[in-house]
Amino acid sequence: MQSAPAIQKLLDELERLPGVGPKSAQRMAYWILNSDRATALRLAQAIVEVKDTVHFCSRCFNYAEDELCEICASSRRDPSAICVVSEPRDIAAIERTAAYSGVYHVLGGALSPMEGIGPDDLRISELMARLASEDVTEVLLATNPNVEGETTAAYLARLIKPLGIKVTRLA
Ligand code: ZN
């Protein structure tokens, strides 16, 4: 189907989104076309705003709008427990259970010899620096239950256990 160039451009961009195929892209494009200008502008501005204001927390590398993320800045969180995750979205999943009151550390991925991702590609030295400078008594390893996640957890456990810090694997 031949679309007007502006519509095709929008379709091309929408199809790049994860989980969006040509059909969903078309549904979204027509929804945007049928929306009033203010609605479309709110969507466009929300995308730009998140790119302009959100960066990584300087302590745990979660997404943050300030120097520290809301979890690191909260006085209600227990800084003696650090839960290690691969990506910021993993934090959201754990927070939904509301069962964890410690803080986090985001590695930015998982070890993968196949893809050439080694310890230096993850924020492991940053984690070790935190363990050296903060009063941490327990590290919970919540990397994914796949080969890369297990490899990463085993690697970290070997690194952290000699420090006398309790290491727990969360699956
Ligand atoms: Zn943080």
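Q: Which protein donors does the zinc ion have?
A: This is a predicted model, and in it the zinc ion has the SG atoms of Cys57, Cys60, Cys69 and Cys72 as its protein donors. They lie 2.2 to 2.4 Å from the ion. Along the sequence, these donor residues follow the spacing C-x2-C-x8-C-x2-C.

Q: What arrangement do the four donor atoms make around the zinc ion?
A: Four donors count as tetrahedral if all angles lie between 85 and 135 degrees. Here the angles are 103 to 118°, so the arrangement is tetrahedral.

Q: Is Cys57 buried or exposed?
A: Buried means under 20% relative accessible area, and exposed means over 50%. Cys57 has 0% relative accessibility, so it counts as buried. Cys60 is buried too, at 1%. Ser133, in helix α6 (residues 124–133), counts as exposed because its relative accessibility is 60%.

Q: What is the order of the strands in the open sheet?
A: In general, strands of a sheet pair through backbone hydrogen bonds, in either a parallel or an antiparallel way. In this structure, four strands with parallel pairing form an open sheet in the order β4-β3-β5-β6. At its edges stand β4 (102–106) and β6 (166–169); each has a single partner strand, so one side of each is left without a neighbour in the sheet. From one strand to the next, the twist averages 25°. Five bridges join β3 (residues 78–85) to β4, and Val85 has Val106 as its bridge partner in β4.

Q: Which strands do helices α6 and α7 lie across?
A: Helix α6 lies across β3, β4 and β5, at about 150° to β4. Helix α7 (residues 147–160) lies across β3, β5 and β6, at about 170° to β6.

Conventions:
Residues numbered from 1 in each chain as written. Predicted model: local features only at pLDDT ≥ 70, side-chain atom pairs only at ≥ 80, totals over all residues. Heavy atoms only, no water. Donors = N, O, S within 2.8 Å, 3.2 Å for Na, K, Ca; no water. Tetrahedral: all angles 85-135°; square planar, octahedral: opposite > 155°, others 65-115°. Buried < 20%, exposed > 50% of the residue type's maximum accessible area, 1.4 Å probe, protein only. Helix = DSSP H or I, 4+ residues; strand = E, 2+ residues; numbered from the N terminus. Pairing = 2+ DSSP bridges. Axes fitted to C-alpha atoms, helices over the stretch in contact; angles between N-to-C directions. Contact = heavy atoms within 4.5 Å.
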